[in-house]
Amino acid sequence: MTTAPEVGRDRRRKEDARLITGRTNWTDNIQLPGMLYVAFLRSPMAHARIRNVDVSGVLGQDGVVAAYTGADLAAEQGSLPCAWPVTEDIVIPDHPPMAVDEVRYVGEAVACVVATDRYVAADMLELIEIDYEPLPPVLDMEAALAEGASLVHSDKGTNASFTWPFSAGDVDAAFGDDAVVVSRRYVQQRLIPAAMEPRSVVVAPEGDGYTMWSATQIPHVLRLMLAMVTGIAEHQLRVVAPDVGGGFGSKLQVTAEEVITLLLAKRLRKPVKWTEGRTEGIQTTHHGRDQIQKVALAADRDGRFRGLKIELLADMGAYLMLVTPGVPLLGAFMFPAIYKFDAYSFTCTGVFTTKMPTDAYRGAGRPEATYAIERLVDEMAVELRMDPMELRRRNWIKHEEFPYTTIATLTYDTGNYEAATEKALQLFGYDKLRAEQADRRERGDAVQLGIGISTFTEMCGLAPSRILGQLAYGAGGWESASVRMLPTGKVEVVTGSSAHGQGHETAWSQIAADQLGVPFEDVTVLHGDTRVSPKGMDTYGSRSLAVGGTALVQACDRVVDKAKRIAAHMLEASEEDIEFEGGTFRVRGTPEPATTIQEVALATFAAHDLPEGVEASLDSDATFDPENFSYPHGTHLCAAEVDTETGMVKLRSYVAVDDVGVVINPLIVEGQVHGGLAQGIAQALYEEAVYDSEGNLLTSTLADYLIPSAADLPEFVTDRTETPSTTNPLGVKGVGEAGTIASTPAVVNAVVDAIRQFGVNDVPMPCSPEHVWRAIQEAGGEPATTLGRGPGR
Amino acid sequence: MSDVRVALRVNGRAVEATVPARLGLADFLRDRLGLTGTHLGCEHGVCGACTVLLDGIAVRACLMFAAQAEGGDLWTIEGLHADGRIADLQEAMARHHGLQCGFCTPGFLVTAAELLAEGGRPSEQEVREALSGNVCRCTGYQGIVSAVLETARHRADRGDGPRDGEGAGRSLPAG
């Protein structure tokens with residue numbers, strides 16, 4: 001049977017049937033006999049010593065089963081893990097799941113109540129007596145590093161967690177007297193990932209072990225970490241990620257609530273459930289971004305880039321969580337982006353504050369880096385009075401120069417920035433929009449037009465284990481897959497990658513269908529359960545397809561190799577003469593005799609007549625560890641209208657041309673780009689987590705934290721170019737984060753470009769009406785007649 | 001804690017129950033009736049994941065008590081699906097990839113069902129405005145908007161008018 005290849009088809013998703021009918025299996029749907037509910041009492045103070053906690057008023061109340069303080073569980077709760085100690089002298093404070101003697105951010109858990117009813121558990125929190133001794137909050141990173149600053153962890157003697165330096169080339173020479181230098185200070189505001197499904201966890205004692213269902217991206221990593229934190233043996237823990245409603249990094253975590261719920265199920269020998277409320281989630285699910293970036297770009301007068309200097313302060317929050325300190329380091333390699341430099345220096349200091357810890361959020365380090373370099377390039381274009389696209393062209397790696405090792409030591413295997421840019425410019429109508437911009441400026445329209453460019457790349461397919469080891473990460477970056485050939489020729493694919501909206505069940509079916517020559521419908525994809533898919537590194541960093549998809553290809557290859565031996569025996573030919581195509585084994589050069597992979601599967605199951613020394617199974621496993629990252633890239637162009645009287649920004653058009661390598665399912669890829677764009681635009685225009693001067697999180701509802709709605713976003717124009725990755729046999733690069741990484745600077749570049757003639761050269765994110773209006777007012781409020789009439793003019 | 005008796009129709013069937021006066025409508029649907037297709041995304045009326053149709057009007061099940069649905073005719077995603085009346089919309093959502101994690105999806109389908117029941121040919125901007133009370137974090141909305149626009153167009157081409165007993169809510173005074 002030969003059919004058209006599955007790879008490259010707009011297959012509708014297998015996942016959708018259950019999702020559009022409401023027949024899903026979210027963690028919070030789970031009801032078990034005798035199930036108990038836990039609610040957490042959380043700190044209302046940013047920083048305080050706990051003088052006393054008294055839960056005695058709760059005990060004995062109707063429906064109450066137990067109540068515990070952090071001190072009650074101190075001996076068994078362990079410390080929440082940080083798996084990425086980025087330097088040898090990194091300061092990693094203890095992080096008890098429930099605070100024992102000090103609270104360090106608003107929302108930190110201090111006690112819990114277990115009851116037979118969720119409402120009762122929540123009610124009882126009011127009856128807990130707690131006496132706090134206020135300590136000074138630490139909220140500003142720069143002030144936190146000053147002499148005599150109040151300390152988040154007084155026993156550590158410093159608010160600095162680590163300083164991580166990198167340097168290549170002669171930076172002083174690059175920034176010499178003859179260089180044109182543009183220096184800026186950018187702030188990556190704190191963001192709240194806000195997956196739509198709140199976190200939820202259910203733990204049930206089963207036999208001598210425990211099953212945990214959790215809304216997590218990382219069931220495998222979570223099981224290992226729970227074993228290490230609680231001392232419960234790994235083989236007695238099963239972790240299931242059922243349907244998971246989005247993550248964006250926020251569910252790449254080992255949380256206090258998971259640990260405590262497990263310990264409660266262990267103590268009480270009953271199933272226990274916890275589901276967060278949205279305000280609770282906004283306060284205590286890890287945050288993203290939050291960096292101060294001091295950046296400088298040096299170039300020759302003719303626009304050739306010479307050097308780049310980056311100094312970061314990265315807000316860790318109160319503790320280091322799973323990969324908190326590693327996030328800014330992922331950015332360290334990406335500041336040079338697609339450009340060639342003689343020299344580069346980078347340093348990042350991680351700073352403790354009395355805020356919710358930060359950790360991975362879609363892009364994780366790479367959006368911050370891309371923002372800084374793409375903003376800087378635009379500013380340099382103004383300085384040099386060049387068109388910003390022309391400046392990029394002069395400095396990017398040309399397509400014939402690949403593979404190219406950047407100043408940050410990454411080797412980009414393939415790419416074609418010229419092709420993606422050409423396509424984007426055509427779709428966008430760049431020249432026409434520039435002409436309209438000039439007209440509006442000439443007329444002095446209240447609504448001005450700005451054009452923003454982002455020519456980005458990213459490192460994806462996390463990650464080569466060898467490199468992770470060099471970066472002091474606590475684990476490898478491989479991924480596993482298993483293929484089970486059932487007697488009827490149907491296929492079960494087991495993947496260690498755990499999807500939460502990405503459509504693995506569909507894309508993995510397409511890959512297996514092509515590799516094995518079986519119908520798409522005959523493949524079932526199993527994932528997200530450590531008992532079903534025992535090995536995995538899970539889903540983050542745009543890794544699933546490039547790493548996990550490759551493992552699947554290799555497992556399929558092994559199935560075919562095994563089947564080939566048996567087919568040769570069945571066809572009475574030598575194995576070397578057997579060829580396999582479209583699910584059929586044939587003797588080379590002859591149409592008959594032939595046998596299908598389904599027939600081989602049945603014959604293998606029967607095992608009546610297998611060749612000598614061949615086992616009765618076609619099932620195969622593979623674990624793939626990439627040699628290199630993959631490097632998606634693209635050119636994004638944004639046209640923004642800015643009302644100079646109100647500061648309101650309206651996106652008029654947005655064009656994204658992405659090169660993500662070979663595409664398995666164009667429908668899914670486009671969806672990933674769209675969703676990524678929405679989140680990147682949200683950082684540029686709408687979202688910001690705001691703490692007040694006491695350390696209270698002001699943006700603690702979805703009414704205060706502004707996630708864009710359908711009415712706030714434009715229709716995106718997307719297209720692709722395709723230069724296959726050479727680091728995996730599928731030629732794929734990853735697409736989960738591309739839109740988020742590229743779009744933030746494209747939008748802010750457009751906003752600044754629209755009001756450049758007022759003398760504005762930056763607008764702090766988010767570019768809200770207030771921020772835009774203030775930027776115009778602070779620059780004098782009047783357009784200059786000669787000053788910076790726009791790049792290139 | 002006082003209990004109250006509540007009687008209503010859910011997905012076309014009579015339901016009677018004694019519930020705590022403070023029991024939320026979404027919890028009633030999810031925990032008591034097992035209708036877990038109604039999702040709680042924020043429990044403060046912003047995200048729209050819990051949207052259900054009550055007497056033809058899209059309402060937030062997280063902002064109502066079960067007792068407030070007394071005497072009502074309530075439809076959840078399960079009932080709308082079984083009934084077949086949004087089959088075209090569901091099909092269009094899948095075809096346009098209007099969902100990824102799918103957590104917000106039932107809320108969008110219910111909100112769109114209300115809009116589509118009005119009939120007519122809404123513009124893209126009208127659809128975007130009508131959906132602006134629902135939050136999706138995955139899709140960027142484009143697939144959802146396309147699915148709703150296409151479904152409206154197909155229905156209008158077939159001459160489907162507003163359905164009896166549905167969609168009237170949008171022209172009624174709020175409350």
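1. In this predicted model, helix 4 of chain B covers residues 105–117, which makes 13 residues. From first C-alpha to last, helix 4 of chain B reaches 18 Å, close to the 18 Å expected at 1.5 Å a residue.

2. How many of the residues of helix 4 of chain B are buried? The count is 13 of the 13, so the helix is largely enclosed by the rest of the structure. After helix 4 of chain B comes Gly119(B), with a positive phi near 80 degrees.

3. In chain A, helix 5 (residues 219–230) and helix 6 (residues 256–268) have axes that come within 11 Å and cross at roughly 65 degrees. The crossing of these two helices is right-handed. Helix 5 of chain A contributes Leu222(A), Leu226(A), Val229(A) and Thr230(A) to the contact, and helix 6 of chain A contributes Glu258(A), Val259(A), Leu262(A) and Leu263(A). By class, the residues of this contact are six nonpolar, one polar and one charged.

4. The largest nonpolar core has 210 residues, and the most contacts inside it belong to Trp164(A), Phe346(A), Ile681(A) and Leu685(A). Helix 9 of chain A (residues 366–384) gives the most to this core, with nine residues.

5. Which residues does Phe346(A) contact, leaving aside its neighbours within four places in sequence? They are Trp164(A), Pro165(A), Phe166(A), Ile310(A), Leu312(A), Pro328(A), Ala332(A) and Phe335(A). Trp164(A), like Phe346(A), is listed among the core residues with the most contacts.

6. There is also a second, separate core, of 42 residues. Leu516(A), Val523(A), Val553(A) and Leu571(A) are among its members.

Definitions and conventions:
Residues are numbered from 1 along each chain as its sequence is written. Chains are lettered from A and ligands numbered from 1 in the order in which they are written. This is a predicted model: local features need pLDDT of at least 70, side-chain atom pairs count only at pLDDT 80 or more; totals for chains, interfaces and linings use all residues. Side-chain values use heavy atoms; hydrogens and water are left out. Axes are lines fitted to C-alpha atoms, for helices over the stretch in contact, and angles run from 0 to 180 degrees between N-to-C directions. Helices (H or I, at least four residues) and strands (E, at least two) are DSSP runs, numbered from the N terminus. A crossing is left-handed if the near helix is turned anticlockwise from the far one by less than a right angle, and right-handed if clockwise. Contact means heavy atoms within 4.5 Å. Ala, Val, Leu, Ile, Met, Phe, Trp, Tyr, Cys and Pro count as nonpolar, Asp, Glu, Lys and Arg as charged, and the others, Gly among them, as polar. The expected span of a helix is 1.5 Å times one less than its number of residues. Buried means under 20% relative accessible area, exposed over 50%, partly exposed in between (1.4 Å probe, protein chains only). A nonpolar core is a set of buried Ala, Val, Leu, Ile, Met, Phe, Trp, Tyr and Cys residues joined through side-chain atoms within 4.5 Å.
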